Amino acid sequence: QVQLVESGGGSVQPGGSLRLSCAVSGNIPRTLCMAWFRQAPGKEREGVATIRSDGAIRYTSSVKGRFAISRDNVKNTLYLQMNSLKPEDTAMYYCAAGPRGWLWEPFDSSLYNYWGQGTQVTVSS
């Protein structure tokens, strides 16, 4: 199976930057689709960004222009570059992956069979 391990979270001031990484191991499907989700305490899980095996990318509207998702298929690593961070970005961030790519609903959680343990991002003064 596929295992995911996130890293790179931490505490930053508003306007700061962080880069999250997700290391992928195991039996990796050729068409693996990957995504970042986040969840703040007391709130629903929210899709942040996703990237398909063919490179297609989608972002949730609140992070457009600030976050960038990318993947290195040689290193089997997913990244999320987060710039201009805001307090409302504070959440636990989860890496997710699935064997089949999305078409119309990129943040449909049913697409993602594998989940990491999460890495905390805190943005405050």
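Hi everyone. Let me start with a definition: a residue counts as buried under 20% relative accessible area, as exposed over 50%, and as partly exposed in between. Trp-115 has a relative accessible area of 29%, so this tryptophan is partly exposed. Phe-37, with a value of 2%, is buried. Please keep in mind that we are looking at a predicted model.

Those two residues bring me to the aromatic rings. How many aromatic pairs does a search of the whole structure find? The answer is three. Take Phe-37 and Tyr-112: their ring centres are 5.5 Å apart and the planes stand at 75 degrees, so this pair is edge-to-face. Phe-37 belongs to strand S4, residues 33-39, while Tyr-112 is in the loop between strand S9 (91-98) and strand S10 (114-115), so the contact ties together parts that are 75 residues apart in sequence. Both Phe-37 and Tyr-112 are buried.

Now back to our tryptophan. The ring centres of Phe-37 and Trp-115 lie 4.9 Å apart with their planes at 50 degrees, so here the pair is tilted. Since Phe-37 sits in S4 and Trp-115 in S10, this pair ties together parts that are 78 residues apart in sequence.

Which residue lies over the face of Phe-37? That is Arg-45, at 5.6 Å from the ring centre. Elsewhere, Arg-52 lies over the face of Trp-102, and there the distance to the ring centre is 4.6 Å.

Let's turn to S4 itself, the strand that carries Phe-37. Is S4 mostly covered or mostly open? Mostly covered, with six of its seven residues buried. Let me take its partner strands in turn. With S9, S4 pairs in the antiparallel sense over seven bridges, and Gln-39 stands opposite Met-92 of S9. With strand S5, residues 46-51, S4 also runs antiparallel, and five bridges join the two. One example to find on your screens is Trp-36, whose bridge partner in S5 is Ala-49.

Finally, the turn. S4 and S5 make a hairpin with six residues between them, and Gly-42 in that turn has a positive phi of about 75 degrees.

How values were computed:
Residues are numbered from 1 along each chain as its sequence is written. This is a predicted model: local features need pLDDT of at least 70, side-chain atom pairs count only at pLDDT 80 or more; totals for chains, interfaces and linings use all residues. Side-chain values use heavy atoms; hydrogens and water are left out. Rings of Phe, Tyr and Trp (its six-membered ring) pair if their centres lie within 6.5 Å; planes under 30 degrees apart count as stacked, over 60 as edge-to-face and the rest as tilted. Helices (H or I, at least four residues) and strands (E, at least two) are DSSP runs, numbered from the N terminus. Buried means under 20% relative accessible area, exposed over 50%, partly exposed in between (1.4 Å probe, protein chains only). A charge sits over a ring if NZ of Lys or CZ of Arg is within 6 Å of the ring centre and within 35 degrees of the ring normal. Two strands pair if DSSP finds at least two bridges between them.
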